[in-house]
There are 2 protein chains.
Amino acid sequence: MTFTFWFEFASTYSYPAAMQLEHKAAERGIEVRWQPFLLGPIFQAQGWNDTPFKLFPAKGRYMWRDIERVCDRDGIRFRRPSQFPRSGLLAARIANWHAGEPWVPAFVRSVYRANFEHDEEIADPQVIANCLAELKLDAAALLEEGQRPEAKQALRDATARAEALGIFGAPFFMAGDEPFWGYDRMEQALEWYASSGVA
Amino acid sequence: MTFTFWFEFASTYSYPAAMQLEHKAAERGIEVRWQPFLLGPIFQAQGWNDTPFKLFPAKGRYMWRDIERVCDRDGIRFRRPSQFPRSGLLAARIANWHAGEPWVPAFVRSVYRANFEHDEEIADPQVIANCLAELKLDAAALLEEGQRPEAKQALRDATARAEALGIFGAPFFMAGDEPFWGYDRMEQALEWYASSGVA
């Protein structure tokens, strides 16, 4: 049984989850699989051509107020990005292609902070290169690798797996077969997994 | 400043909120305004002709699993209704017309339990009459009154106020001007209001 964190780099509520998951999981002795995917194709399949936070303006206005409050409560720096949503395609291809490698969680956090703390354009390869270089990784090689057809296809496959699992938003936690949607459910998902006795 | 609980009788997540709000608020010395409204017109305004839990089946499947887990965790009896959503129009007209009267919270809880604990058809006036009679109220008079044009108009006005406030789902809590959406936010909304110093 596996505990999987499904996240989308454009997703606001995935940001506080990504920032806190590793230590919250470690406290309970849980190893996490960090699994990026894309929400765009999943939204498109249900007839949406954009994020619900733009399609439904009242929901969007509320989300910005709520994420600010949530980050403030949980001690996470947050600045509303000047562009939303930003494409996390390149970052997701790299994180997916290297899923399971020990540097991936730190890379993911670095990309989230670029977007939601420093208001940087994460669709820009230079921004992603900086996130990789910060971790003393070979940015040029990883960027090149992430753009290869097999890395592109691997991310498409991951998104198809997400859809097959019934994932419709992010963050999403799979505690074995048990689904939990949203940052609000992160602790509950970890507790569920820990008390299932296999952690 | 007022603490208002906006709820829709068809809403699954409004049920555990309605069951627990009164004592959670009383613990903090907060008086709650119980304010029914209809989600239907609000969903229609954003292009939905049904609940998102039916329009988006993955979301619906998840919701049924999640509400069961949430109610189980919080000690609230829950049985998945054989019909969903059920129209709470009649109950909402009555609760809105008498908003502020001391029996309204108990009536609201009784209607929620009919729907989500006893699987009763709350669109049936007889079911609503039973909920009223349980509280030793004059069911016939209240049902008749709730169907008058002015009671119908008053509920339309309440729904228009909800929309003007940016309310897009239920339950929704207004701690003064501060908006909180969802059962997950109930405690946070009460804390916010209590610490604002006017409770």
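How many Å apart are the mean positions of the positive and negative charges of chain A? Let's start there and then walk through the rest of this predicted model.

## Charges and surface

Chain A carries 22 positive and 27 negative charges, and their mean positions lie 5 Å apart. The accessible surface of this chain comes to about 8,800 Å². Carbon and sulfur atoms account for 49% of that surface.

## The fold of chain A

If you trace chain A in the viewer, you can look for 10 helices and four strands. Along the sequence they follow the pattern β-α-β-α-α-α-α-α-α-α-α-β-β-α. The radius of gyration is 16 Å, close to the 16 Å that the globule rule gives for 199 residues, so chain A is as compact as a globular protein of that length.

Of the 199 residues in the chain, 54% are buried. Now think about contacts between residues with a separation of 6 or more: in chain A, 73% of these join residues 24 or more positions apart.

## Two copies together

Chain B can be laid on chain A by a turn of 180 degrees, with a shift of 0.0 Å along the axis and an RMSD of 0.0 Å. The two copies are thus related as by a two-fold rotation axis. To find that axis from chain B, look for Asp184(B): its C-alpha is the nearest to the axis in that chain, at 3.6 Å.

Where do the copies meet? The interface residues of chain B are, to 100%, also interface residues in chain A, so the copies meet through the same surface.

How values were computed: Residues numbered from 1 in each chain as written. Chains lettered and ligands numbered in written order. Predicted model: local features only at pLDDT ≥ 70, side-chain atom pairs only at ≥ 80, totals over all residues. Heavy atoms only, no water. Helix = DSSP H or I, 4+ residues; strand = E, 2+ residues; numbered from the N terminus. Rg over C-alpha atoms; globule rule 2.2 N^0.38 Å. Buried < 20%, exposed > 50% of the residue type's maximum accessible area, 1.4 Å probe, protein only. Contact = heavy atoms within 4.5 Å. Areas by Shrake-Rupley, 256 points an atom, 1.4 Å probe, with all protein chains shown as cover. Lys, Arg positive; Asp, Glu negative; His and termini not counted. Charge placed at Lys NZ, Arg CZ, Asp CG, Glu CD. Least-squares fit on C-alpha atoms with pLDDT ≥ 70 in both.
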